[in-house]
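Let us walk through this model together, one region at a time. Please have the sequence and the 3D view open as you read.

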Amino acid sequence: MNDPDWWRNAAVYQIYPRSFADANGDGIGDLAGITSRIPYLRDLGIDAVWLSPFYPSALSDGGYDVDEYRDVDPRIGSLDDFDLIVSALHDAGLKIIVDIVPNHTSDRHAWFQEALAAGPGSPARDRYIFRGGKGEHGELPPADWQSKFGGPGWTRVPDGQWYLHTFAKEQPDLNWANREVRDDFLTTLAFWADRGVDGFRVDVAHYLTKAIPEVLPSWEELRSPGAYSEGFHPLVDRDEVHEIYAEWRALFNSYAPPRAAVAEAWVPAHRRVRYASPESLGQAFNFDLLSAGWDATEFRRIISDNLDLAARSGASSTWVFSSHDKVRHATRFGLGTRTNGKAWLLTGGTDPVEDRTLGLARARAATLLSLALPGSAYLYQGEELGLPEVAEIPDECRQDPAFYRNKGVEVGRDGCRVPLPWTPDGSSFGFGPGGAHLPQPAWFAGYAVTIQDNDPDSTLNLYRRALDLRSRLRTQESLEWLDLGPHVVAFRRPNGWTSITNFGDETVVFDGGEQLLSSSATSEDGIVEPSTTAWFAA
Ligand code: GLC
Ligand code: CA
């Protein structure tokens, strides 16, 4: 339990708390619901649970707009419920990681309310990024910057000043040059670490420090490649962000075992190394597989690049196919060989047509491949059921700000956040005794946990077998590539554990060891069919 390296090869299961399990029937998932499902999590064979934000929030961005960092949203539970879940997870041998959102607070946070009341030039405003507007009466934004979810990145307050928000207008960016901001986050991190939290997932870790000049550059200039030297962009991935993480690291290392952290940093691969270094957060998400097509060459390149990068930073690599921000991989891989699902995500339609059988076969194969790799696997709730993305959410039920701020262009991320089906019937498919805060389609019944429990070939049972084998086969963090042709990704770990994925159209025959597992229910031993991964022992 006290192994300081537990995170290096962990299988981490991401829970989106509002959509996992609802104990009290108000349609919103809660901590008590998660606690009641700990036997399910234990039997799945994961090592740790990562909770997306559960803090008090108006849900302008699914909880990534935090009103108060050291509390639990009353709709989700209480601090007592939190303490309960920590001890219950630990009793089950599972670690817990929480999400920290440091780039912005919500506009309901006490600091932002104080900043509004205190007026221009006040110390309270200095915790955020306020500027005067342009135009005769300051009626125009200070610059033409855009927010991530579409629409302007500056919003005006009643006294005429404007504040910066990289995301929705309900998410004002903090000023990380302000010492009070830094100290308060150290207090927050210690608050959760003292409560037994084992690690932190750091939201948009590359955005915290900013150096905004007096004369603001244009949006075009900010986005033009090569306009700023590396590490010196005014808004993103500035070198000095690691001074903050060095302070966090010192705090993390004051615990036994040291608290782990993983950075969500959408930066070029070679810049990721800094976030993953032991002096900084210690690990960083590698999102390359989120946009990979079904292509052996691309997979091989991504894997070897990321193993190199991890070795350079002293971290272990991470592997991610699905999250609360992306179209589920069972759908992405059903959209054809080269598409990554982006077009589908943007239009919200069903063109290109989704092939669910092919998508699921490839998703199962892809997951099995990643579970055989050195490093941590981050799994997103529902992928163990092979859930596809839900496309048919009526407009009036959508919650994601990306949908509202970008109308008609992006449908947003609600399709992967629909509450899980636990049973094929009953209210909200067993999610809880009431309804579900996002509508569940009728076809969810076929993916229900209790249905899959009784089917030896189900995706759920495949994940269980794979995670169980993985926990026993885990070995040194290296691999040797095997050459089985251009459309096959095959490698052997130092203990002989071999993984073979067939991306091509022809069957692959392998007689180099005893078959342990196959992602295809119909494959014979030693035969790796197209869109299949099989594992072998030496
Ligand atoms: C991260 C989160 C995403 C959120 C954004 C702003 O990318 O994963 O869900 O909208 O940060 O906090
Ligand atoms: Ca509830």
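A nonpolar core is a set of buried Ala, Val, Leu, Ile, Met, Phe, Trp, Tyr and Cys residues joined through side-chain atoms within 4.5 Å, where buried means under 20% relative accessible area, exposed over 50% and partly exposed in between, using a 1.4 Å probe and protein chains only. The model is predicted, and local features need pLDDT of at least 70, side-chain atom pairs count only at pLDDT 80 or more, while totals for chains, interfaces and linings use all residues. Residues are numbered from 1 along each chain as its sequence is written, chains are lettered from A and ligands numbered from 1 in the order in which they are written, and side-chain values use heavy atoms, with hydrogens and water left out.

The largest nonpolar core has 131 residues, and Tyr13, Phe20, Leu41, Phe82, Trp192, Tyr245 and Trp248 touch the most other members. Leaving aside residues up to four places away in sequence, Phe20 is in contact (heavy atoms within 4.5 Å) with residues including Tyr13, Ile34, Leu41, Leu420 and Phe431. There is also a second, separate core of 10 residues, with Ala143, Trp145, Leu164 and Leu222 among them.

Next, look at the calcium ion, ligand 2. Asp22 (OD), Asn24 (OD1), Asp26 (OD), Ile28 (O) and Asp30 (OD) coordinate this ion at 2.3 Å; donors are N, O and S atoms within 2.8 Å of the metal, or 3.2 Å for Na, K and Ca, and water is not among the atoms, so sites may look incomplete. Along the sequence, the donor residues follow the spacing D-x1-N-x1-D-x1-I-x1-D. Asp22 is buried, at 3% relative accessible area, whereas Asn24 is exposed, at 52%.

Finally, turn to ligand 1. Of the 14 residues around ligand 1 (heavy atoms within 4 Å), Asp61, Asp203, Glu264, His324 and Asp325 come nearest. Oxygen atoms of ligand 1 lie 2.6 Å from a polar side-chain atom of Asp61 and 2.5 Å from one of Asp325.

Terms used
Polar contact = N/O pair within 3.5 Å; in protein donor to acceptor, adjacent residues only side chain to side chain.
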